[in-house]
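Hi,

Here is the structure I promised to pass on. Have a look at it first, and my notes follow below.

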Amino acid sequence: MEMVECSLAAAAAARAPRPLPRRAAVLAGTAKLRVRSERREQPPAAVRASGPEHGGRALGQAAAGLAAAAVVSLTGFAGDVSPLQPPAVARAESLTVAFPVSKAREVNRVQKTLVEAWGLIRETFVDPTFNHQDWDQKLEQTMVEMFPLKSADAAYGKISGMLSTLGDPFTKIISPTEYQSFRIGSDGNVQGVGVFINREPSTGRLLVMDCIQGGPADRAGIHEGDELVEIDGKSVLGLDGEAAAQRLRGRVGTTVKVKLLDGSENERSGRIRQKEVQIAREVINLSPLSTTIISHRSGDGHESKTGYVRLAAFSQTAAAEMENAIKRMEDEGVQSYILDLRNNPGGLVKAGLDVAQMWLDGDDTLVNTIDRDGNVLPINMIEGHSLTHDPLVVLVNEGSASASEILAGALHDNGRAILVGHRTFGKGKIQSVTELDDGSALFITVAKYLSPALHEIDQVGIQPDIQCSPDILSLPRAPTLRENSEATSLEMDSCIMVAEQALEIEQTKGSAS
């Protein structure tokens, strides 16, 4: 009988508490896979573990009568350790996994990816009960289901199905092609049509959040609030925002046909108008930040200036652009600020923490993490120095998620900002992103965030101090502003007006003291 033996070195946590890095989300260790073939007379047990907690217990039996099987051995040691604490004592564990080898070569490669993903989930997933199921048995079941398949796509579907049983939609696997697109998007450059898409939580509809000003989608007449229906003749039903964005991306010069329901027409007249546009793809430079200065002159001739900063996403360039914007507006005599995080779905958590430190002083807690063992660890600044002490209002809504919520919570709980808008989305998960041996990537929720005041974020969101515009679709088109442009479009936004009133009160308090 042909056997394939794989030795997988993966990050495995010790029984001691596993604190997380002080200023960044956890990145899981790189996995290494070595493969050799041999002949055996009988297929071994499906999963067999030996180690301090297993005692050599056999966890299952392989299906009888299968022509071939494979054995995967996993060994691991202590995982991520805080630089402020001594490392936990390393604990070695050996785990042997046997499974029927598919005769289809491409499926066999995915079988190895399955074991690699399963092992990482087993050691790092935030819920140690794996949604109240036997995770070892789940591997055996998925391997048996994958065995008769003929294509890699179908096999990847089985991995996705296994991950879906964890009850966490953010723990997922993406293909090598999708992973490359993810990395490009995080770098701030992408080849596509220049549109931000998100799924509305209550209905599952894919809605346009914004368009890059002057980009292909903007020139084609696509607007915020439009609902995406089809891409190149294929329905987007069931897709999330990232999957839809992947379909819209492509080589420069190629075109994509998009069918939408006109959101602006529906809002004005109550009628739904369908539109279809052909858009040419271009290189899109994703600058996540736009600014303007809102000036007001009082009856006595005194001019006040409010710096408006809209942050659309937390890319690698977000913190540097924010720092430059604050310094420039300070030089121009701005006396207060509005930071607009509405419809910002998040991005790189480190970018969010870096932005928070520009508004805070000292050793304030930026956020807390809680791991699968219930250990809470604060992430604090070290001798922070704020770029400005001017009054600050942060705008949030149902589209503000993840890093946006971390930033809003840090500024609010430390008494630095007033929150205006609507309760945020509620995604407070720490995720590792691991590139697997075949070039695919595994996203794992390994812990959760709590605000500095230890308030839950995940599935709860952050409640603002002052409510306004509870329906995210009723917002006017989000301002995509050029430098030093007129701010007249902002005057129609009710939340901007509420924010300005809150800033006036804060400035009055400052004057009185």
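A quick word on terms before the notes: "buried" is under 20% relative accessible area, "exposed" is over 50%, and "partly exposed" is in between, using a 1.4 Å probe and protein chains only. Helices (H or I, at least four residues) and strands (E, at least two) are DSSP runs, numbered from the N terminus. Bear in mind that this is a predicted model, where local features need pLDDT of at least 70, side-chain atom pairs count only at pLDDT 80 or more, and totals for chains, interfaces and linings use all residues. Residues are numbered from 1 along each chain as its sequence is written, and side-chain values use heavy atoms, with hydrogens and water left out.

Let's start with strand 17 (residues 336–340), where 5 of the 5 residues are buried. In a regular strand, side chains alternate between the two faces of the sheet. Here both faces are covered: Ser336, Ile338 and Asp340 lie on one side, with Tyr337 and Leu339 on the other.

What does strand 17 pair with? (Pairing takes at least two DSSP bridges between two strands.) Strand 16 (residues 303–311) runs parallel to it, joined by 5 bridges, and Tyr308 has Ile338 as its bridge partner. Between these two strands the chain passes through helix 8 (residues 318–331), and this β-α-β crossover is right-handed, meaning that with the strands pointing away from the viewer, the path from the first strand over the helix to the second runs clockwise. Strand 17 also pairs with strand 20 (residues 392–396), again in the parallel sense, over 4 bridges; there Tyr337 stands opposite Leu392.

Next, helix 9 (residues 349–357): 8 of its 9 residues are buried, among them Leu353, Val355 and Gln357. The buried residues pack against helix 8, strand 18, strand 19, helix 10 and strand 23, with contact meaning heavy atoms within 4.5 Å.

Strand 23 (residues 441–450) is also where you'll find Lys448. Is Lys448 buried or partly exposed? Partly exposed, with a relative accessible area of 27%. Lys429 is 19 residues away in sequence, yet the C-alpha atoms are 4.4 Å apart. Beyond its neighbours within four places in sequence, Lys448 has contacts that include Val126, Thr369 and Asp458.

Finally, the axes of helix 1 (residues 105–124) and helix 2 (residues 135–146) come within 11 Å and cross at roughly 170°. That makes the pair roughly antiparallel, the label for angles over 145 degrees.

Cheers

Technical notes: Axes fitted to C-alpha atoms, helices over the stretch in contact; angles between N-to-C directions. Parallel < 35°, antiparallel > 145°, perpendicular 65-115°, else oblique.
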